[in-house]
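Let's take a walk through this one together, starting with a helix and ending with a single side chain. Have the model open and follow along.

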Amino acid sequence: MSLFQDIYDYIKSGEHRAENLGLEIEHFVIDENGVPIGFDEVTSLIEQVGRSLGAEMIYIDNYPVGYQVKEYAISLEPSCQFEISISPYSELSDIERIYREFLELWESLLSKRGYHFVTKGNLPAVELGEIRPDDIPLSSKKRYKYMDAYFKDSGTYGKYMMRASASTQVSVDYESESDLVRKLRVLQKIAPILMIMMENKTEETTTLPEAPDKPHLFRIQEWDDLDPDRTGFFPRSLENGFGYRQIAETVYETPLILLSDNGETTYVGHKSAKDLVAEGVIAENEPDETRRKKLVEHVFSMGFFHFRIKKFIEIRIADSVPIEKALGYAGLIKGIVYSEQNLERLEKELQDIDTLGKIQEAVVKLETYGHDAVIYHDETAAQWADRLKALAGEHLPEHEKAYLAYV
């Protein structure tokens, strides 16, 4: 079996009829001066907590960078952004319970060391110009050193994205190829509205140094000017015939920057999985099933599109926000993508948004004008946000509608 076929099969294996939500929130861990915690200190705490919980420890390059328990996993992003990934659940109350238990454990531990969590789209001290991204060290993982070097030439904001950004991510299920494509298309078309709804800045008027006329959507600006090979909306996704094969081709042909294989991390630059197979660096028919699986997962992880396709659709467009707003956001998405009626309504209403360029035009307007931006059909983003909340509220069960008040 070829690596390309493994990638294709990996996407197809995500098919099931569940209607679950996965939630991930990245946190800055900072001291009273707004300075992030150091790599050695946070990895020591991760190992301490993980072992006390009897968790499965996660090591990369021999560093304890995370742990896994039944209901969630912990991991570290490039400059020690602290991420919790909650296992998929259908009930928002289950997600809330798990997060609050995690928060109680870690806030108590961090406060004794003089640190606390902050949920913002960008590190406040960087947004406010009090420190520069260059002042923030990367973690010691080889992966991030290689990425940092690569992004210096691929775009403008690599150092901002890696050192000073944090997100909230929601994942949703699909039951078939057509269901995946349908949900992805609707989600991408409403993505600009979701982006501005989930903006979480420290100060309203701040701007990035290179974009003094764009006070909104810092994270999106950073990602959009990071590396066109792996960011933005998913390539070809609004074209006729789009499906598993086109997704697999994109994943297979995206430059990898680095290769994590057999416990080693090496720099490969612009070479894709397809290139490495052709060169014999990756075996076309790797006999070790565990190794094949890890290779496939690594290849998927190097695409940073606004929507990442794996065994689910990972929605990556929201700033890091407090749990109340994150739950409202998850509820909003649940009320849209798991409602046949709402999907059908939005498909029809947005059928004229038929290119990724039209979606990106709305994003650019939002970066300048925020909620007041006039986007689709001469309506503002604020009007569209109210409509999406109303649609979601029609589908959500009564006991979950209250979450929408926070988004």
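A residue counts as buried here when its relative accessible area is under 20%. Bear in mind as we go that this is a predicted model.

The buried residues of α1 are L3, F4, D6, I7, Y8, Y10 and I11. That makes 7 of the 10 residues in the helix, so α1 is largely enclosed by the rest of the structure. What do the buried residues of α1 pack against? Their partners are α7 (177–197), α9, α10 (273–279), α11 and β10.

Searching the whole structure turns up 3 cavities of 30 Å³ or more, and the largest cavity has a volume of about 70 Å³. Around the largest cavity you'll find F234, I247, T250, V251, T254, V299, F300, M302, G303, F305, R308 and I309. Sorted by class, the lining has 8 nonpolar, 3 polar and 1 charged residues. Think back to α1 for a moment: α9, α11 and β10 are also among the elements its buried residues pack against.

Last stop is D148, which sits in helix α5, residues 142–154. Is D148 buried or exposed? Its relative accessible area is 9%, so D148 is buried. Setting aside neighbours within four places in sequence, D148 is in contact with L138, M162 and R163.

Note on methods
Residues are numbered from 1 along each chain as its sequence is written. This is a predicted model: local features need pLDDT of at least 70, side-chain atom pairs count only at pLDDT 80 or more; totals for chains, interfaces and linings use all residues. Side-chain values use heavy atoms; hydrogens and water are left out. On a 1 Å grid over the protein atoms alone, a cavity is a set of points where a 1.4 Å probe fits but cannot get out, and a pocket is an open set with protein on both sides within 12 Å along at least five of seven lines; lining residues have an atom within 4 Å of a point. Grid points are joined across faces, edges and corners, and a volume is the space filled by probe spheres set on the points. Ala, Val, Leu, Ile, Met, Phe, Trp, Tyr, Cys and Pro count as nonpolar, Asp, Glu, Lys and Arg as charged, and the others, Gly among them, as polar. Buried means under 20% relative accessible area, exposed over 50%, partly exposed in between (1.4 Å probe, protein chains only). Helices (H or I, at least four residues) and strands (E, at least two) are DSSP runs, numbered from the N terminus. Contact means heavy atoms within 4.5 Å.
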